[in-house]
Amino acid sequence: MELKEALARLAELQKKRYAYRAASSSLYLDATTTAPKGTAEGRGVALGVLAGEEHKLFSAPEVGELLDFLWSRRDELEHCVRRQVEELRRSYAQLKRIPADEYMEYAILTNEADDVWHRAKEASDFELFRPVLEKLVAFNIKFAGYYDASKAPYDALLNEYERGVDMAYLDKFFATLRERIIPLLHAVMEKEPPDDSFLRRHYPAGAQRKFSDYLMEVLGLDRAHCTIGETEHPYTLDFNNKDVRITTHYYEDNVDFSMYSVIHEGGHAKYELGIADDLQYTCLAGGVSMGVHESQSRFYENLIGRSLPFIQAIFPKMKEFFPEQLADVTAEQFYRAVNKAQPSLIRTEADELTYCLHVMVRYEIEKQLIGGTLAVKDVPETWNRLYKEYLGVDVPDDKRGCLQDSHWSGGSFGYFPSYALGSAYGAQMLKNMERDIDVWGPVSRGDLSGVSAWLGEKIHKYGGLMEPADVVKNACGQFDPTVFADYLEKKYGALYGL
Ligand code: ZN
């Protein structure tokens, strides 16, 4: 085989995989936006076939030969191609260990699980979801062995979302945060809470849609390449760096839910749209890890979006969209309201201070579920006990308890810690950004171009070209979670006069 021919085959193979994924993503987009309720079954069949075809395409012996050949000539490859071969060899070896029938069965199961979880959540009935969750856990334990049999199952799963991160690392990370956050939260709870009642006034969906358009403009999201839709749960879906979709959900009695969903998903979109052109349709297109992805969304959502300069910049415009609702509210009051810290039940609505405690509950449960020390039937009880222990709240029902998140029904075990890691990475990125550029002057004028450029240069453009740990190092330096704890202490200390 000639090197030139091998490179052409490599590019074609990756384009095919892109096409399968684009087809599956389109079905997902359809399922969550316009498809009628009773249509999951047929889509499940199609998704199962697509997953099976992708598996077949990528696990064929010729692919192994091609990758081995290219690896043997790695010194002649450009850095970018060499990285592709390295990554593909990794996933090829992993995929080869997963039997095709199990792979397909799992795709069908997660599609079914999504439907069952929705119904169970609506009815707040864990028993309805339990049998499916049992199957999902069993599959994940088995898959963990395929991913990396030398690791403990949960470590192998964690490694899929954030390479290099394991339970030993996270136990230490979470312990550091817990030690600093819990006393800070107690001090905050002693103080008078800010008034946030105006956030719950009536904010018509129509005006909120216009507000979303405005926020996308402020974020610098080009509508020719990024649209916004409406779904039950907000998400970001990327096809390539010229086609990203974000979604939100409008609650008319809650203005900040959609506002911060748009900014959060917008942060994910900025990442995908900023990845270099020459990585497109290869395995290096797309964010490098879930932790780094969440660092970007949460950077825009919290570090920028929940800062006083940003709120002061957009507040005059907000008053145009919501003149009556915000007539008697100042930017400073709004800032205090969207930063109100209090123990609560729902992770996605949690404030920046308590958010990581929500993540820790899920981490402890997953660790035990995948480790085999917790039975699925005992999840609700454990969930409720940990919420009491970490956040001091009583969980009234499973809908607001262990059925609230979609991750497990989607087969994601080991994803949650990425949110906390992302938050901590972000705080350190901000510290470095402040050293390099004037962050707050432009932000206070509603100009995020400097922030965008810094993140684009340090993180976005690389896609998967570097290892996640190297991307983190590039933007953060030596990762140190105490920087995040310092940030929280400073911010909430000032907000609550501690
Ligand atoms: Zn996110």
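The structure is a predicted model: local features need pLDDT of at least 70 and side-chain atom pairs count only at pLDDT 80 or more, while totals for chains, interfaces and linings use all residues. Residues are numbered from 1 along each chain as its sequence is written, and side-chain values use heavy atoms, with hydrogens and water left out.

Let me start with the empty space. Rolling a probe the size of a water molecule over the atoms shows where empty space is left. The work is done on a 1 Å grid over the protein atoms alone: a cavity is a set of points where a 1.4 Å probe fits but cannot get out, a pocket is an open set with protein on both sides within 12 Å along at least five of seven lines, and lining residues have an atom within 4 Å of a point. Grid points are joined across faces, edges and corners, and a volume is the space filled by probe spheres set on the points.

How many cavities of 30 Å³ or more does a search of the whole structure find? There are two. The largest cavity holds about 70 Å³, and its lining is made of Arg298, Asn302, Leu303, Glu352, Tyr355, Cys356, Ser423, Ala427, Phe484 and Tyr487. Helices and strands here are DSSP runs, numbered from the N terminus (helices are H or I, at least four residues; strands are E, at least two). Helix 11, helix 14 (355–371), helix 16 and helix 20 each supply at least two of the lining residues of the largest cavity, and helix 11 gives the most, with three. By class, this lining has six nonpolar, two polar and two charged residues. In that count Ala, Val, Leu, Ile, Met, Phe, Trp, Tyr, Cys and Pro are nonpolar, Asp, Glu, Lys and Arg are charged, and the others, Gly among them, are polar.

The second largest cavity has a volume of about 30 Å³. Its lining consists of Leu158, Tyr161, Glu162, Val165, Gly414, Pro417, Ser418 and Leu421. Two or more of these residues come from each of helix 7 (153–161) and helix 16, with helix 16 giving the most, three residues.

I turn now to an open space. The second largest pocket contains about 460 Å³. Of its 18 lining residues, Leu430, Glu434, Tyr487, Lys490 and Lys491 are the closest to the centre. Helix 11, helix 12 (308–321), helix 16 (417–436) and helix 20 (482–496) each give two or more residues to this lining. The largest share, six residues, comes from helix 20. Ten of the lining residues are nonpolar, two are polar and six are charged.

Next, the packing of helix 19. Buried means under 20% relative accessible area, exposed over 50%, and partly exposed in between (1.4 Å probe, protein chains only). In helix 19 (residues 468–476), Pro468, Val471, Val472, Ala475 and Cys476 are buried. Seen down the helix axis, these buried residues fall within an arc of 110°, so they line one face of helix 19; the arc is that of the directions from the helix axis to the C-beta atoms. They pack against helix 11, helix 16 and helix 18 (449–458), where contact means heavy atoms within 4.5 Å. Just after helix 19, Gly477 takes a positive phi of about 80°.

Two buried loop residues deserve a mention. Ser289 sits in the loop between helix 10 (255–273) and helix 11 (290–304). Why does Ser289 count as buried? Its relative accessibility is 6%. The side chains of Ser289 and Glu162 are joined by a polar contact of 2.6 Å. A polar contact is a pair of N or O atoms within 3.5 Å; within protein, one must be able to donate a hydrogen and the other to accept it, and residues adjacent in sequence count only if both atoms are side-chain atoms. Beyond its neighbours within four places in sequence, Ser289 touches Tyr161, Glu162 and Pro468.

Asn241 lies in the loop between strand 2 (236–240) and strand 3 (243–248) and is buried, at 8% relative accessible area. A polar atom of the Asn241 side chain lies 2.9 Å from the backbone oxygen of Ile275.

Finally, Tyr281 has a positive phi of about 60° although it is not a glycine. Tyr281 is in the loop between helix 10 and helix 11 and is partly exposed, at 34%.
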